[in-house]
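Thank you all for coming; I would like to walk you through one structure for a few minutes, so please have a look at it with me.

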Amino acid sequence: MTGGPFPLLDKVNSPEDIKTLSRKELKALCAEIRELLIDVVSTTGGHLAPNLGVVELSVALHKVFQSPRDKIIWDVSHQSYVHKLLTGRRDRIHTLRQYQGLSGFQKREESIHDPFGAGHAGTSISAALGMATARDLNGTDERVIAVIGDGSMTAGMAFEALNHGGGTKRGMLVVLNDNEMSISRNVGAVASYLSRILTDEFYVRVREETENILTHIPRVGERMLKVAKKAEEAVKGFITPGLVFEELGFQYLGPIDGHNLDHLIPMLENIRHLKGPVLLHVVTKKGKGYTPAEDNPVGYHGTPKFDKEVGVQNTPSPLPAYTQVFGDALVELAAADDDLLAITAAMPTGTGLVPFSKAYPKRFFDVGIAEQHAVTFAAGLATQGKRPVVTIYSTFLQRAYDQLIHDVALQNLPVVFAMDRAGLVGDDGPTHHGVFDISYLRSIPGLVVMAPRDGRSLRDMLHTATRQSGPVALRYPRGSIPAEENLEGFHMVAIGKAELLRDGADATVIALGTMVQPALEAAENLARDEGLSIRVIDARFVKPLDREMILAAARETGALVTVEENALAGGFGSAVLECLEEAGLAVPVRRLGIPDRFIEQGPQARLRADLGLDWAGIAEAVKAVAGRAADNPLRVMAVEA
Ligand SMILES: Cc1ncc(C[n+]2csc(CCOP(=O)(O)OP(=O)(O)O)c2C)c(N)n1
């Protein structure tokens with residue numbers, strides 16, 4: 001790694017080490033941290049812009065509070081890299097998001113300074129309130145701090161927690177890190193409200209005066225602060241910028257400049273002594289200090305490796321990503337169907353909806369980080385004859401499980417769930433792997449669940465999904481389609497029909513989605529190297545299952561291997577076993593998929609290989625069952641018949 005030197009950072013092994021640094025040294029430390037962040041993330045990839053935005057805030061929090069005794073909880077925690085640097089993880093920072101390296105998020109197993117793990121948004125205030133409540137029950141006096149971005153503040157859970165916290169009056173600090181951005185520009189009424197606080201001329205004046213009052217009194221006790229607060233209220237009259245939070249029972253302070261240590265530190269020192277719930281509104285700039293990131297905060301929210309001198313380059317990959325194939329297909333389908341709508345929960349870029357949002361702005365809805373609302377909003381639209389496509393990462397749809405069952409499926413509403421990032425996602429790790437959706441969807445009556453094996457089938461499945469009279473979910477992975485394909489036109493796919501891709505007599509591999517390609521390669525290799533004749537079926541549907549083709553394969557080849565990029569518990573292979581059991585067929589079956597544990601971070605190919613989800617792993621499993629198939633009386637009967 002280049003860059004540096006980092007004379008101050010080199011001496012920081014724990015938050016204690018920054019307590020003695022002068023304000024001047026702390027500012028120099030911030031500059032070193034910025035340089036190191038750019039260095040590291042340019043080689044590892046990761047959430048650069050959010051972290052550059054919280055350098056001073058992280059330093060100020062650790063200067064003032066006593067971690068790990070005091071609990072600092074970062075919402076989502078994609079912006080916890082600076083916190084990691086200050087809490088003894090500097091020597092491993094180059095392993096960030098790498099296989100067996102530091103997580104890109106807070107993680108309890110990783111450090112005593114990480115009191116709560118995350119990856120999904122909107123959980124920090126609830127967790128903080130839980131800790132504050134436990135503290136009060138225990139009769140101890142540690143502080144609890146939740147740092148939440150304005151984007152994550154659009155999550156319903158954040159408001160549920162504010163509502164509860166404001167009512168309980170327990171001591172906790174919520175730092176609202178407001179950079180006016182979610183991943184994309186933040187949306188909704190709260191975003192407009194916060195933005196009014198920042199830009200309205202009156203509020204700007206108030207802010208300046210508030211900052212003066214609150215940051216220029218030397219270390220004050222609560223009584224002094226109350227006086228200051230009174231003065232502040234007098235300045236503001238009836239209109240206080242944080243009225244909404246005040247009404248929810250939080251003492252609102254700010255907004256203050258989150259890049260100014262001379263304001264941040266005294267402010268935190270003062271409010272440390274306050275009792276009850278406090279919300280400090282801090283204003284920061286995403287990407288602060290690195291021009292390419294300041295200019296393109298969306299691109300640098302989460303970035304692949306890049307050349308730090310020139311910034312991120314968009315090197316077109318030879319094959320399009322599934323996300324892009326989906327986004328393009330949706331735009332095409334929308335041209336022929338005025339009722340087709342697209343909904344995202346704060347992920348227009350990640351889900352490939354930007355072209356749709358440009359082509360059909362009135363039919364595109366970014367609802368904020370509000371997956372539950374997204375699903376029921378879609379249900380409402382569907383009752384009125386609209387065709388909503390909820391475009392969502394598999395892992396985030398977990399948030400809306402009851403909405404899926406209670407609001408969509410139970411009423412048999414034609415909502416399409418386009419689930420991106422299904423399967424192992426790679427460097428984001430266990431919080432983001434989309435490996436549960438088959439299990440959690442398969443038990444819902446009336447829901448069609450399918451998975452394309454390539455770009456062509458993704459287009460056809462999407463087209464088919466938008467023409468059903470009930471709910472449909474389709475899952476597709478992170479990454480590129482497997483080969484160059486003809487991506488023109490659309491064809492209907494027969495619901496519940498699998499596809500026979502290769503005939504064979506010694507055993508059958510029934511694969512789904514991403515696993516079809518390696519299954520074909522396994523069959524190819526087994527034919528060449530072992531002389532085995534392996535049947536390969538693309539299941540296409542998890543529900544309804546093509547029982548006919550599966551039972552025929554069991555009878556005719558005598559042994560089955562199922563392969564899926566989903567939890568084995570309750571997954572596709574389980575569905576096949578149930579199908580055999582219902583038919584009274586007993587044949588050797590091997591199920592390949594995700595075992596009953598959380599899967600670490602790492603390159604997708606590596607993780608798949610470790611789990612036997614590549615052609616070699618499939619071939620192994622096939623060899624193990626094919627031998628047993630030969631002795632299976634069922635198969636003998638089938639062959640004789
Ligand atoms: C439940 C959930 N939905 C979506 C995401 C994807 N996501 C990660 S960070 C982020 C934006 C967060 O914005 P904000 O809280 O303002 O933090 P910033 O990056 O701007 O500092 C989103 C939408 C997520 N992590 N969790």
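I will go from the domains to the ligand, and then to a pair of helices.

What you see is a predicted model, in which local features need pLDDT of at least 70 and side-chain atom pairs count only at pLDDT 80 or more, while totals for chains, interfaces and linings use all residues. Residues are numbered from 1 along each chain as its sequence is written.

The domain assignment of the protein gives domain 1 (9-295), domain 2 (322-475) and domain 3 (499-640), with bounds that come from an automatic or database domain assignment. The centres of domain 1 and domain 2, taken over C-alpha atoms, are separated by 33 Å. In contact across the two are 19 residues of domain 1 and 17 residues of domain 2, where contact means that C-beta atoms, placed from the backbone, lie within 7 Å.

Where does the ligand lie? Both domain 1 and domain 2 give residues to the shell around the ligand, so the ligand lies between them. Of the 25 residues around the ligand, Pro50, Ala121, Gly149, Gly151 and Ser152 come nearest.

Turning to the helices, which are DSSP runs (H or I, at least four residues) numbered from the N terminus, α6 (residues 124-138) and α7 (residues 156-168) pack at an angle of about 30 degrees, with their axes 7 Å apart. Axes here are lines fitted to C-alpha atoms over the stretch in contact, and angles run from 0 to 180 degrees between N-to-C directions. Angles under 35 degrees count as roughly parallel, and α6 and α7 are therefore roughly parallel to each other. Ile125, Ser126 and Leu129 of α6 make the contact with residues of α7 including Met157, Ala161 and His164.

Conventions. Near = placed C-beta within 6 Å. Helix = DSSP H or I, 4+ residues; strand = E, 2+ residues; numbered from the N terminus. Parallel < 35°, antiparallel > 145°, perpendicular 65-115°, else oblique.
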